[in-house]
Amino acid sequence: MPRPARPFPVHQLAPLPDLPEIPTLGASDATLQAFVASCDTFVAGLPADFDTASLTAADTDRLERLADARDAAAGQLSAIAASAGRPAPGPRAQDVLDRIRATRGLAASSGAGLPPLPAQPRASSSPSAAAGRERFVEPTRGQEIGGILEVADRFATAIDEIKTQMRTGSEILDGRLTLASMRSTIPAGRHLTKEPRADWAAIEAVTGPQALAASGGLCAPLEPYYDVLEIAGAQRPVRGALPTFGVERGGIQLIPPPTLSSVGPQARTVADAATTNAANTVTSNTARFVSYDIGATITGSGIPASTVIIGVSADQKTATISNNATATASGVSITITDPGATGYITAAQDALGLTGTAGQVASSLKPCLHITCAASVSFTVSAITRCIEVGNFSARTYPEQVTAWLELAMSYQARLAETQLLNQLSANSTQITQAQALGTARDIVPTVIKAAAYYRQHNRMPAEAMLRWLGPAWLIDAMVADVMRGSGYESDFLFGQLRDELVTALRQANVEVAFYEDSGTGKGQYFNSGNAQGAGALTTFPGTAVHYLFAEGSFLFLDGGTLDLGIVRDSTLNAQNNYRIFAETFEAAAFVGVESLEITSSIAVNGAASAAITPPAGL
């Protein structure tokens, strides 16, 4: 029998994407009121004879959720109105929920959309018929269901209801809501009795050798594993320890800053001096004697002790000295020591400035240092590049491998960049050494404290001024292991606490701690010289620790930016069915400070303490 003609085309009812939007959880009263009104307007506009066969199962689900949300919103508004003493919203049209909910049954019976789920036979009450059968039971309805399609439909419907209640703020969800539970019956022959022989026979039937015998091995192809483990990182601890400045012009140029000794006594050598016996002059064809040399001490062959310069000729080639030379000589080396920017003049010296000898007059002059500019220095950025080439087939079929290779390339690029920064730190540092005396922890901490004390005293820094210490990352582990090997180690002194104690000891000495993960070129800061661990004995800690100490701000990280071309394709690569991924950074470390120390400490992770051995020489 032919189906009757549909009075309306499919979805002429209303475009479902334009259904009233369900409010989110916590919506305002005005939003809920507008939603209720839009739902009522939408339902009131439905034709009385609209064709439900034109709707899919998904369409009917959306309409049903809309009706549920409308009821929840109206209920919430009624509760709010009652508590506030305001009139409750008007009741919905009597047939709103019924007409929308009816679409589910009508659509299923008409054959449109998804076919109706087949009815599931109920399990027999006999144990043999129920053996091995499993049922999902929805406790809220107590209805038994079976079959994967019906189970999936029930779960999807229940989850949709929960989402609707959460969006509308419904109070239906109170405590725990059970979606489904599973009940399994025990097959016949699996019930144990009090008869030992019968029970043992039942167990043997399931677990005995015959039941567990091999039956031919694997026949199906093994499942491929596409994940590629990659554990290396692209961290940059040295860069992070230095102040960063952008350099749009590719570098910086500066005059090195003067040091404390720059304003103290200044000594210089004149290599081609000439003296005349019984004369009080010194000449030179290449050196210049200047006015601020008056009062400076002069030493050299044929010049008596305590001699000072008392005058300079107009051509600046001859200096008059306070004592006559004792011999005639030419091409001798003399040293002139100017007092610098400061002087110490006693009252007696000041009085001799008027009545004393020429030498005494010159010695009583208050010195003044003439500032001279040092030669400028430049620091320019260098490029740290990264490029990998990938085949199109490989990239499309195995992207996990491409990602792993790219991350490894980024990690190695970071290693190369950090190595270059360490090389630049080393090139601008004074190289010093410290011999091993005790265990690592008891050597390194005092060494850093001693170096920091020297640094502050030499540069006349305040005691609380912070210094930056940069050491290899493995050194803190070596120090912890060293303390653990010592006889004085307490078992309740936890590993983390021990690390904190060592770092705190340096920070209490006003030394900020940072660690680097790579090694300067030739500095030997990699385990096993950077090679992989081989079979046999576990590799030891490096025998020396290279660490740096300088005032904060002594080194700047010059950031010239990053050029990241991403995926690069050209005619040659396209012909080869390849592409490249290219990026590079432009960077450098610039030394703008007055002093930096590179300390190479010989170490031994042996737990030795001064109480256990003959005390070594003092620091």
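Is C39 buried or exposed? With a relative accessible area of 3%, C39 is buried, where buried means under 20% relative accessible area, exposed over 50%, and partly exposed in between, computed with a 1.4 Å probe on protein chains only. The model is predicted, so local features need pLDDT of at least 70 and side-chain atom pairs count only at pLDDT 80 or more, while totals for chains, interfaces and linings use all residues. Residues are numbered from 1 along each chain as its sequence is written, and side-chain values use heavy atoms, with hydrogens and water left out.

The structure holds 0 disulfides, a disulfide being a pair of cysteine sulfur atoms within 2.5 Å.

Helices (H or I, at least four residues) and strands (E, at least two) are DSSP runs, numbered from the N terminus. P367 counts as partly exposed, at 21% relative accessibility. Apart from neighbours within four places in sequence, P367 is in contact with P339, G340, A341, T342 and G343, contact meaning heavy atoms within 4.5 Å. A separation of 9.1 Å lies between the C-alpha atoms of P367 and D293, which are 74 residues apart along the chain.

Attention can now turn to strand β19. This strand spans residues 578-591 and is mostly covered, with 11 of its 14 residues buried. Strand β13 (residues 382-391) pairs with β19 in the antiparallel sense over 10 bridges; two strands pair if DSSP finds at least two bridges between them. Within this pairing, A383 has F586 of β19 as its bridge partner. Strand β18 (residues 555-568) also runs antiparallel to β19, joined by 11 bridges, and D559 stands opposite E587 in β19. In a regular strand the side chains alternate between the two faces of the sheet.

Among the helices, α12 (residues 440-458) and α13 (residues 473-485) have axes that come within 7 Å and cross at roughly 130 degrees. Axes are lines fitted to C-alpha atoms, for helices over the stretch in contact, and angles run from 0 to 180 degrees between N-to-C directions. The two helices, α12 and α13, are therefore oblique to each other, given that angles under 35 degrees count as roughly parallel, over 145 as roughly antiparallel, 65 to 115 as roughly perpendicular and the rest as oblique. In this contact, T440, A441, R442, I444 and V445 of α12 meet L475, A478, M479, D482 and V483 of α13.
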